[in-house]
Amino acid sequence: MTANPNRKTPVTLLGLGAMGTALARAWLAAGHPLTVWNRTPARAEALAAEGAKVADSAAGAVAASTLVVVCLLDDASVETALDGVGLTGKDLVNLTTTTPAQARARATWAEERGARYLDGGIMAVPPMVGIPEAGGYVFYSGSRELFELHRESLAVPVGTAYVGEDAGFAALHDVALLSAMYGMFAGAAHAFALIRREDIDPVAFAPLLGNWIKAMAGSSIEQTARQLRNGDYTTDVVSDLAMQVAGTPTFLSTAEEQGVSPELIAPYFALMRRRLDVGSGKEDLTGLVDLLVRKD
């Protein structure tokens, strides 16, 4: 008897929050045999009607498939769900949001229990899952062999991006990108606050703001990366640090005039002034990265 090359890899999924449910539906739609478990069983009812097998325990779900995907609230939830569960011979893919240190510790924990381990950082929201053109993907790190083995199955819900053997790298990439996102949201919030009391339509203002951020971000991010790699922060500088620091009082005064708290931008301006005190006024803003990295 020969194996059916068209048979899809069975998947076990632990965790049926909004993201877990979206992942489950994508695997079901692609024809993967799917076993699911959730601490609150009622969340599995709709998926059962769509073809998923519902396990009555995490241990039962894990036993059903070699490929076990975990998408729970946090690292402590993973510990609780898998406490005492046999993992020998399992391929454990953890899509739970954690810190890099937690991911590395969880990789060691899994390997000590006889499992191979991949950590994942999801760069998507549930409505993007199962829609390739939406652009969602997952960072993966850990065993490259394991990633390659399951790449096709893992790519069903969203795209994949392998970032290294270090199990903590997926979480690190995830949090780094999301941190940049929140910084962008902070700047946008301050901009909207400045116009809030004026006769300016925020809907008309939005594309101006969005296009400006997009134009500035692309070239600036790439230049920062090049300067960090070559160590020269004065290469191809358009607006140097001294000039930008000199302009910050205008931004702070405008905030005061508009009755807007400067708490979102003042810390960044303070960092710029600190760098000017210890660096060169001819630098780009790249030196701020070094100020943020603690020396201890």
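A residue counts as buried when its relative accessible area is under 20%, as exposed when that area is over 50%, and as partly exposed in between. Keep those cut-offs in mind. The model shown here is predicted.

Start with Asp-236. This residue has a relative accessibility of 57%, so it counts as exposed. Asp-236 sits in the loop between helix H8 (202-230) and helix H9 (241-257). Its backbone has a feature to look for. The phi angle of Asp-236 is positive, near 55°, although the residue is not a glycine.

Now move to Val-237. The loop between H8 and H9 holds this residue too. Val-237 has 24% relative accessibility, and therefore counts as partly exposed. What does Val-237 touch, once neighbours within four places in sequence are left aside? Its contacts are Gln-223, Gln-227, Lys-282, Glu-283 and Asp-284. Val-237 and Leu-271 are separated by 34 residues in sequence, and their C-alpha atoms lie 19 Å apart in space.

Step back to the whole chain. There are 296 residues, and 38% of them are buried. They are arranged with 11 helices and eight strands in the secondary structure. The C-alpha trace spans about 75 × 45 × 35 Å along its principal axes.

The surface comes next. The chain has an accessible surface of about 16500 Å², and carbon and sulfur atoms account for 58% of that area. The chain also carries 24 positive and 33 negative charges.

Now go inside. In soluble globular proteins, nonpolar side chains tend to be buried together. The largest nonpolar core in this model has 31 residues. Leu-13, Leu-23, Leu-34, Val-69, Val-93, Leu-95 and Tyr-140 have the most contacts inside this core. Several elements each supply at least two of its residues: strand E1 (11-14), H1, strand E2 (34-37), strand E4 (67-70), strand E6 (116-123), strand E7 (137-142) and helix H6 (144-154). Which element gives the most to this core? The answer is H1, with seven residues. A second, separate core has 21 residues, including Val-78, Leu-82, Ala-107 and Ala-115.

Look along H1 itself. Thr-21 belongs to this helix, which covers residues 18-29. Is Thr-21 buried or exposed? Its relative accessible area is 16%, so Thr-21 is buried. Beyond residues up to four places away in sequence, Thr-21 touches Leu-16 and Leu-47.

Finish with helix H4, residues 75-82. Here Asp-75, Val-78, Ala-81 and Leu-82 are buried. Why do they lie on the same side of H4? They cover an arc of only 125° around the axis, which puts them on one side of the helix together. An α-helix has 3.6 residues a turn, so residues three or four places apart point the same way. The cover over the buried residues of H4 includes E1, E2, helix H3 (58-64), E4, strand E5 (91-94) and helix H5 (100-112). Beyond the helix, look for Gly-84. Gly-84 follows H4 and has a positive phi, near 80°.

Technical notes: Residues are numbered from 1 along each chain as its sequence is written. This is a predicted model: local features need pLDDT of at least 70, side-chain atom pairs count only at pLDDT 80 or more; totals for chains, interfaces and linings use all residues. Side-chain values use heavy atoms; hydrogens and water are left out. Helices (H or I, at least four residues) and strands (E, at least two) are DSSP runs, numbered from the N terminus. Buried means under 20% relative accessible area, exposed over 50%, partly exposed in between (1.4 Å probe, protein chains only). Contact means heavy atoms within 4.5 Å. A nonpolar core is a set of buried Ala, Val, Leu, Ile, Met, Phe, Trp, Tyr and Cys residues joined through side-chain atoms within 4.5 Å. The arc is that of the directions from the helix axis to the C-beta atoms. Accessible areas come from the Shrake-Rupley method with a 1.4 Å probe; for residues, only the protein chains shown count as cover. Lys and Arg count as positive and Asp and Glu as negative; His and the chain ends are not counted. The place of a charge is taken as NZ of Lys, CZ of Arg, CG of Asp or CD of Glu.
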